[in-house]
Amino acid sequence: MGEVRPARLNLAFWALACAFLVDFLGYAFIVPILPEWRSQFDLSNTQATALVSLWAVPLFILGPFTGRLTDRYGPGRVILVSVIMLTFASLLYLIATREIFGNGFLILAVARLLHGLSGAAIITSGFAAGSTLWPNNFGEQVGKLVGVATIGGLLGPAIGGFAFELGQDLAFIVLAALTGLAIPIVALAWRDIDGGKGASREGAQAIERVPLRMFFDNPMLFRIGILVFLSTLATGALEAGVPLFLSDEPLSMSVGWIGATILLLVVLQGGGSWWWGRLVDKRGPVRYMLIGWSGVSIALIAAAVTILLNPENLGMMIIVVGFMGMFQFSVAAAQVPVLPMIDTATCQAYGRGGAGLAFGAAGTVWAAGAIVGPMMIGPVLDLTGSWALTFGLLAIPCTIGLVITMLNREILEECYFSEMENRSSEE
C-alpha cells in the first residue's frame, strides 16, 4: 500500500469525518420524531424503540460481509457508495411520513434498514482505514472520528426536531441535502482513504486467512466483543429511551425541546470521545475503560433512585437529565478505548491486512448491542410503566462490563502495550 502524503492524509481524515458525520446524523435524526410517529402510526413504546433498533440489523447480519468488501476493494470505494445510499434512504423517510404508498410504518422500517446497511459499511470501512493510515496513534484518530460521529448524533436530534416542527417534508429534504453534501468530498478523497493505491494484496490474502468466527475463536477478542456488546446495549437503550422519557410527564417536552436537550447531553459524549482517545495513545486504554464503566453504572443507579423517590417532581427530573449527561461523558470512556483494543488484538492474533474483517466482525457485535438496547427500554417500560425500574435494570449490564474489565485488566494491558511496542520497533 502506498504512503499517503500529509496533505492527502488530512483530506482522507476530513472525508472520513464527513461520512461519519452524516451517517450518525441520519441515525439520530429520527429520535425526537419518535413520539410523533408513535401517535401518527398508533405505535406502542416497543414498536417505537424498534425503529431505532432496526438501524443496527444490517450491521449485525452483514458486518463481516462489509469487512470482506473493505479488505478486497478498499474502504474508499465502499464509503463512497454508502454515502450515496444514505442520501436515497433519507428521502424514503419523507415518503413514509407522507404515507404516499399506504403503509407508512412499513416504509419507515425499509428506510431504516437501508440507512443501517449504508451506515454499517461506513463504520466498518472507516475504522479499517483509520487503523491502516494511523497505526501508531489510532486512539487519537478514532477518538476524533467517534467524536465527529457523536456531533452528527447530537446535530441529528436538534436539526430533526426543529425542522420537523417547521414542516414534516422540510425535515427529510434537509436530511437528504446534508447527506448529499458529503458525496463530492468522499469522491475526491476515496483513493487517499484507501491509502494511495486501493485495496492491498496483503488485505486480499488476509480475508482468506482470518476466520469469520474470530471473536469466538480468540479468547482476547471474545472478551473485547462482550465489552463492545454491553457498551452499545447501554447507549442504544438510552438513545431510544431518553426522548420518550423527556416527552412523558412531568417534563412533557415538545419535539424541538427534546432535540435541544439531547444536543446538550450528547455533546458531552462527543467531547469525551476526543478526550479519551488522546489519553489512550499516551497511557493505554484499560484504565479509561474502568473509569467509563464506573461512571455509567453510577449515573444509571442514581437516576433510578431519584425517579423512585420523586416521580412527579419536575426539579428532580431535571437532575435526572443531569445524570444522563454524566452517562454520556462516561460511556465514551467505555467505548472509544475498545476500538484500539480490537485493532491491536487482531494484529497480534492474525497479523495485519484484515482490518476490515476485524471491524466488520466487531460491528456485528456492536450491532447486537444496539438492537438489544432499545428493546430493553420499550418492553420493560410497557410492562412496568416505571422509568426507575427501566433505568435500574439498564445499570446491570453496565456493572457487568465493569467487572469484566477489572478481572481482565492485566491481559488487556499486556495485549495492547506489546503490540504497540512492536509497531514502534518497526518504524
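Angles under 35 degrees count as roughly parallel, over 145 as roughly antiparallel, 65 to 115 as roughly perpendicular and the rest as oblique. Keep that handy for the tour. You're looking at a predicted model, where local features need pLDDT of at least 70, side-chain atom pairs count only at pLDDT 80 or more, and totals for chains, interfaces and linings use all residues. Numbering starts from 1 along each chain as its sequence is written, and side-chain values use heavy atoms, without hydrogens or water.

First, select helix α3 (residues 45–54) and α6: their axes cross at roughly 30 degrees and come within 8 Å. Axes here are lines fitted to C-alpha atoms, over the stretch in contact for helices, with angles from 0 to 180 degrees between N-to-C directions. Helices are DSSP runs (H or I, at least four residues) numbered from the N terminus. So α3 and α6 are roughly parallel to each other. Show side chains for the contact (heavy atoms within 4.5 Å): Gln-47, Leu-51, Val-52 and Leu-54 of α3 meet Phe-105, Leu-108, Ala-109, Arg-112 and Leu-113 of α6.

Pick out Gly-126, Phe-127, Gly-130 and Ser-131 on α6, then Phe-138, Val-142, Leu-145 and Val-146 on α7, to see the contact.

Last stop: Phe-245. Leaving aside neighbours within four places in sequence, Phe-245 is in contact with Leu-251, Ile-307, Met-317, Val-320, Val-321, Trp-387 and Phe-391.

Conventions
Helices (H or I, at least four residues) and strands (E, at least two) are DSSP runs, numbered from the N terminus.
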